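Here is a walk through one model, from helix packing to a metal site. Keep the viewer open as you read.

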Amino acid sequence: MNAGSFLWIFIGLVIFNFVFTTVLEYLNDKNWKNDIPNDLKDFYNAENYLKAKNYKIERGRISSISSSLSLIISLAMLYFYGFGFISDYAISLSDSIIIQSCIFFMILHLFTHILGIPFSYYSTFIIEEKYGFNKTTLKTFIADNIKGLIISSVIIIGLTSLAVFVIDFFSAGYWLWLWIGLSLFMLFLNMFYADLIVPIFNKLTPLEDGELRKKIEAYSEKVGYSLKNIFVIDGSKRSSKANAFFSGLGPKKTIALFDTLIEKHSEEELVAVLAHEVGHYKKKHILFSMIITIIQLGVMCYLFEICMSFDLIANALGSSDMNFHIGIIAFSFLYSPVGLVIGILMNMLSRKNEFEADKYAKDTYDGVSLELALKKLSVDSLSNLYPHPLFVFVHYSHPPLLKRLEALSK
Ligand SMILES: [Zn+2]
């Protein structure tokens with residue numbers, strides 16, 4: 001093997017990823033059926049069903065333009081040794097290897113962030129607006145971009161500094177310490193997501209006393225699930241689409257219902273959605289997926305240390321020596337096929353868990369209310385009712401609506 005062969009491996013992987021994604025998107029597009037499924041006849045008319053189709057097509061178009069652009073940039077960066085060039089530049093600015101790596105990643109981060117702005121602008125203010133979902137004002141959009149950029153930069157600089165320090169300090173066998181550090185960081189983020197990150201973007205208010213709260217508390221008492229932190233989040237600030245999220249572990253468990261969800265669903269439907277989420281806890285899905293993620297991080301750190309020992313790989317990217325940031329870039333290319341396979345396995349597990357959580361909600365609360373909630377959610381968000389099975393297999397973390405309804409009505 002020489003540096004040239006590694007370069008062609010990188011190029012091959014980038015092209016493979018692009019072709020693979022594009023073929024799947026194409027199959028998924030072709031799979032659309034014009035007849036409205038029986039289960040959903042009461043929820044759709046010909047007009048909004050056609051709207052759902054067009055929404056999907058428009059979103060597909062913008063995402064394929066964005067992935068084509070990213071293909072061209074990746075190939076150009078590889079072929080013209082762009083990564084090596086930026087690395088040399090970063091190294092020329094400072095003697096500290098920590099600062100060098102931070103500068104390198106910040107240049108790439110700023111570049112991709114700025115490049116992404118027109119796409120997210122178009123998607124928010126043109127597509128989502130046209131289909132009546134958008135509630136974001138230009139002011140919120142700008143504020144989101146600035147806040148997002150600051151938070152991601154803090155995380156990038158923090159993690160990079162820590163990693164470069166650990167690698168420099170241990171010089172061999174550092175993968176173990178990287179693994180421990182990353183795992184702790186992930187757990188921390190998981191614990192405090194609702195306390196630290198969410199309030200930067202949204203307002204969380206405790207769910208007021210009333211019928212809904214009573215029903216939720218009665219349910220959680222019945223199934224023996226301690227539920228103290230129930231919040232309403234102002235999702236309507238950005239979109240009319242409804243959602244809910246659950247975060248935290250142990251006593252930090254938090255449930256946030258979007259105001260848009262509360263507005264559109266009956267109290268029974270909301271409790272059913274909640275019962276589904278409680279099912280994830282009760283069936284230990286949260287715990288298991290966390291353990292799997294931590295194991296996966298370990299494998300990544302181990303492989304990364306191996307990757308770092310090949311100077312040839314750094315040469316292939318146009319850098320004369322291996323260093324942390326060049327190692328990360330090389331690793332992200334080389335790991336992509338492994339990541340794809342692991343992602344597919346994780347999605348398979350996740351889809352199985354979704355069926356289990358649905359069943360839990362049906363057994364402990366009410367299957368019909370959950371069915372109703374799922375139908376409304378899907379119709380309201382104009383989701384694709386007929387995704388291609390292969391697309392589902394690769395990308396879907398949740399089973400398609402019709403499959404969930406089928407399982408629920410069994
Ligand atoms: Zn779920």
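This is a predicted model: local features need pLDDT of at least 70, side-chain atom pairs count only at pLDDT 80 or more; totals for chains, interfaces and linings use all residues.

Helix α4 covers residues 97-130, and helix α5 covers residues 138-170. Their axes lie 9 Å apart, and the two pack at an angle of about 155°. Angles over 145 degrees count as roughly antiparallel, so α4 is roughly antiparallel to α5. The crossing of α4 past α5 is right-handed. What kinds of residues make up the contact of α4 with α5? The contact divides into 16 nonpolar residues, 10 polar ones and one charged residue.

Now turn to the zinc ion. Its protein donors come from His276, His280 and Glu354. Along the chain, they follow the spacing H-x3-H-x73-E.

Helix α9, residues 267-282, holds both His276 and His280. The two histidines are four residues apart, about one turn of the helix.

Why is the arrangement around the zinc ion irregular? The four donor atoms subtend angles of 54 to 135°. A tetrahedral site needs all angles between 85 and 135 degrees.

Finally, check the confidence. The chain averages a pLDDT of 94, and 100% of the residues score at least 70. Among the elements of the chain, helix α3 (residues 82-93) has the highest mean pLDDT, 98. Strand β3 (residues 244-247) has the lowest, 83.

Methods:
Residues are numbered from 1 along each chain as its sequence is written. Side-chain values use heavy atoms; hydrogens and water are left out. pLDDT is the predictor's confidence in each residue, from 0 to 100. Axes are lines fitted to C-alpha atoms, for helices over the stretch in contact, and angles run from 0 to 180 degrees between N-to-C directions. Angles under 35 degrees count as roughly parallel, over 145 as roughly antiparallel, 65 to 115 as roughly perpendicular and the rest as oblique. A crossing is left-handed if the near helix is turned anticlockwise from the far one by less than a right angle, and right-handed if clockwise. Ala, Val, Leu, Ile, Met, Phe, Trp, Tyr, Cys and Pro count as nonpolar, Asp, Glu, Lys and Arg as charged, and the others, Gly among them, as polar. Donors are N, O and S atoms within 2.8 Å of the metal (3.2 Å for Na, K and Ca); water is not among the atoms, so sites may look incomplete. Four donors count as tetrahedral if all angles lie between 85 and 135 degrees; four count as square planar and six as octahedral if opposite donors are over 155 degrees apart and all others between 65 and 115; anything else is irregular.
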